[in-house]
Number of protein chains: 2
Amino acid sequence: MSAEETEGTTRTRLVAAMADSLQRRGFHGVGLAELLELASAPKGVLYHHFPGGKTELAVAAIQAAVGSLIRGFARLLAEHGEPVGVLRAWFALAQQRLEKSGFERGCPLATVALESGSQDEDLRRALADGFDEVRRWLAAMLAQAGVAPATARRLALLIVSSYEGALLQARVAGSVKPVADTAAMLVELVREEVAARPATSATPRAR
Amino acid sequence: MSAEETEGTTRTRLVAAMADSLQRRGFHGVGLAELLELASAPKGVLYHHFPGGKTELAVAAIQAAVGSLIRGFARLLAEHGEPVGVLRAWFALAQQRLEKSGFERGCPLATVALESGSQDEDLRRALADGFDEVRRWLAAMLAQAGVAPATARRLALLIVSSYEGALLQARVAGSVKPVADTAAMLVELVREEVAARPATSATPRAR
């Protein structure tokens with residue numbers, strides 16, 4: 001393995017360790033020593049890869065988590081071909097992740113988002129952009145399935161809002177029930193909107 | 001002022017300072033020295049009132065926040081007389097609080113709920129009970145307005161889920177738009193359910 005490859009994997013391990021820690025306990029709960037141990041990285045290597053230190057690493061972890069989520073959505077859409085299947089699968093994966101991790105792993109963005117009062121602008125911006133990207137992807141998927149663009153945007157927001165709040169309640173309850181029940185309601189709403197398409201669009205869509 | 005009253009107000013100030021800090025930055029972000037300063041409390045007084053230290057104070061702050069929320073709901077219901085008005089007013093208050101605090105103050109339970117991975121069982125239990133109490137209150141309000149009990153429970157969960165997720169997105173966006181738009185969708189859903197009452201119950205309700 002070349003020096004460059006080693007560098008690459010150390011960086012990747014640091015980002016993955018930060019993403020994992022952020023979703024378990026947030027930015028304030030992450031200790032740098034623990035993080036380096038998690039990433040099997042020697043001391044000093046953090047500032048080599050991330051001159052901005054803990055905050056710069058957290059920004060990279062947030063961007064990596066959003067990228068991975070969007071790629072996951074795309075895979076689910078390729079598999080299911082329509083929004084209801086994608087939503088069902090996404091919420092089911094969240095439930096599995098919660099259960100497997102003893103209700104520690106929810107959304108990698110949420111905890112750090114709520115601590116944002118004491119954080120710097122780079123971190124806040126990365127989170128805002130991340131949520132924006134997720135909402136826009138979901139809205140585009142719904143619009144592509146025939147939901148009117150304004151409704152698609154509002155539904156995408158409701159999906160993200162209730163996903164985050166359901167995960168939060170599941171974590172403290174130590175039960176996936178809030179996620180399962182929230183998913184069932186959202187699936188029903190989305191199904192109604194998608195089904196209403198032929199009735200609401202009198203003229204064929206140009207696509 | 002008697003010694004007892006001074007004790008009482010010091011305790012109250014500590015609880016209020018903890019509740020405020022929890023919603024701004026979570027349990028890990030709260031420093032004890034800063035907390036004592038916020039509460040204008042001398043060092044040493046914390047363990048006098050809360051032998052269990054920071055965790056016991058956080059549990060008291062969570063319980064106080066839930067109690068205050070439920071009393072607020074009851075006031076809104078007395079004022080508006082029906083669920084749609086209560087929801088509108090609740091989400092409007094959240095928007096005001098976000099804006100006034102520079103998007104630092106959202107829900108006092110949410111941040112600490114997401115850090116729960118590294119916290120003890122007392123804190124998790126206080127949060128779980130708190131969310132449960134809020135969901136049950138909302139479900140009872142909806143059922144009283146004629147929504148079928150099972151639907152009322154599901155709607156109450158969706159309201160709490162999307163409230164939490166909307167506040168989270170508003171904080172990072174530095175905008176109340178996610179809260180306003182989520183509220184509009186929920187109000188529409190609740191209005192439909194409440195309006196559907198006469199159509200869905202063929203026999204008069206015994207009440």
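Buried area is the accessible area, computed with a 1.4 Å probe, that two parts lose on being put together, summed over both. In this predicted model, chain A and chain B bury about 3600 Å² between them, with 67% of it on carbon and sulfur atoms. Within chain A, the residues that lose the most area to chain B are L114(A), V172(A) and M185(A), which together account for 20% of what that side buries. The model is a prediction in which local features need pLDDT of at least 70 and side-chain atom pairs count only at pLDDT 80 or more, whereas totals for chains, interfaces and linings use all residues. Side-chain values use heavy atoms, hydrogens and water being left out, while residues are numbered from 1 along each chain as its sequence is written and chains are lettered from A in the order in which they are written.

Contact (heavy atoms within 4.5 Å) joins 42 residues of chain A to 42 residues of chain B. Because 100% of the interface residues of chain A are also interface residues in chain B, the copies meet through the same surface. Across this interface the rule finds 2 salt bridges, a salt bridge being a side-chain nitrogen of Lys or Arg within 4 Å of a carboxyl oxygen of Asp or Glu. One of them links the side chains of E188(A) and R154(B), at 3.0 Å from N to O.

When the copies are superposed by least squares on the C-alpha atoms of residues with pLDDT of at least 70 in both, a rotation of 180° with 0.0 Å of shift along its axis brings chain A onto chain B, with an RMSD of 0.0 Å. That is the relation of a two-fold axis.
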